[in-house]
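Welcome, and please take a moment with the sequence and the fold below.

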Amino acid sequence: MPLAFDMDGVLANFNRAALVAHGAEDLWEKDERRGPECWDTPKLLGITPSEFWEPLKDANFWSSLDRYKDGMSMFMYAYMNYDEYIYILTAPYPCAGCYAGKFMWFDKWLRGSLKYGQLVMTSDKYMFATDDSILVDDNSTNCRLWKEAGGHAFLVGRPWNERHFAEDINLPLFRDFMEEKQREFETKRSRQG
Ligand SMILES: [Mg+2]
């Protein structure tokens with residue numbers, strides 16, 4: 001059961017740091033600003049994508065992102081219970097600072113559990129989907145494409161996606177999901193004999 005964890009929005013709090021860089025820390029705190037229509041942060045801020053990305057190109061921005069407590073707990077739960085193949089699949093912004101900073105973040109927070117080869121930078125995550133693989137991501141499009149490619153996906157609840165209402169219970173939902181998938185895969189294996 002290979003597991004692919006997204007980095008930004010699941011393990012690393014990219015959005016919070018990006019909002020701080022633009023002086024808009026409280027953007028998600030207003031209830032009306034929740035749900036999939038809030039995915040487009042530059043649009044919410046009323047700026048162009050290039051204006052949005054400009055102050056986020058430095059490696060230090062990426063390497064110093066805070067960790068999500070629930071995301072790291074989900075990762076550790078998976079690591080302790082389904083350890084064999086865990087990969088970090090992350091879509092980088094195309095600049096050297098982002099690639100370097102993501103590597104530094106991985107080195108700081110995940111290197112104790114994973115090898116460097118388990119950090120994969122790609123925007124085409126679905127290319128890695130297999131019929132017994134699980135993607136853990138906050139992007140519903142990534143989850144949909146992964147499932148269409150034959151895999152299974154857990155959408156992590158965040159203010160900007162359709163599971164925003166479940167933001168506080170990601171860990172128990174993830175545990176249930178993993179147990180259910182484990183049973184599903186075991187049944188499938190025993191049927192195949
Ligand atoms: Mg993400």
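The sections below go through the sheet, the helices that accompany it, and one arginine.

## About the model

This is a predicted model, in which local features need pLDDT of at least 70, side-chain atom pairs count only at pLDDT 80 or more, and totals for chains, interfaces and linings use all residues. Residues are numbered from 1 along each chain as its sequence is written.

Helices (H or I, at least four residues) and strands (E, at least two) are DSSP runs, numbered from the N terminus.

## The sheet

Let us begin with the strand order. Five strands form an open sheet in the order β3-β2-β1-β4-β5, with parallel pairing; two strands pair if DSSP finds at least two bridges between them. The edge positions belong to β3 (119-121) and β5, each with a single partner strand, so one side of each has no neighbour in the sheet. From one strand to the next, the twist averages 25 degrees.

Strand β1 (residues 3-5) runs parallel to β4 and is joined to it by three bridges. Ala4 has Leu135 as its bridge partner in β4. On to the next pair: β4 and strand β5 (residues 152-155) are parallel as well, with four bridges. Here Leu135 is partnered by Ala153, Asp137 stands opposite Leu155, and Ile134 stands opposite His152. Between β4 and β5 the chain passes through helix α7 (residues 140-148), in a right-handed β-α-β crossover (with the strands pointing away from the viewer, the path from the first strand over the helix to the second runs clockwise).

## Two covered strands

In a regular strand the side chains alternate between the two faces of the sheet. In β4 (residues 134-137), Ile134 and Val136 lie on one side and Leu135 and Asp137 on the other, and all are buried (20 or more other C-beta atoms within 10 Å of the residue's own, with C-beta atoms placed from the backbone). In β5, His152 and Phe154 point one way, Ala153 and Leu155 the other way, and all are buried.

## Helices

Helix α7 lies across β4 and β5, at about 165 degrees to β5. Axes are lines fitted to C-alpha atoms, for helices over the stretch in contact, and angles run from 0 to 180 degrees between N-to-C directions.

Residues Asp70, Ser73, Met74, Tyr77 and Ala78 of α5 meet Asn170, Leu171, Phe174, Arg175 and Met178 of α8; contact requires C-beta atoms, placed from the backbone, within 7 Å.

## One arginine

Is Arg16 buried or partly exposed? Arg16, in helix α1 (residues 14-21), is partly exposed, with 15 other C-beta atoms within 10 Å; this class lies between buried and exposed, the latter being 12 or fewer. Arg16 and Asp26 are 10 residues apart in sequence and 8.9 Å apart in space, C-alpha to C-alpha.

Conventions:
Two residues are in contact if their C-beta atoms, placed from the backbone, lie within 7 Å.
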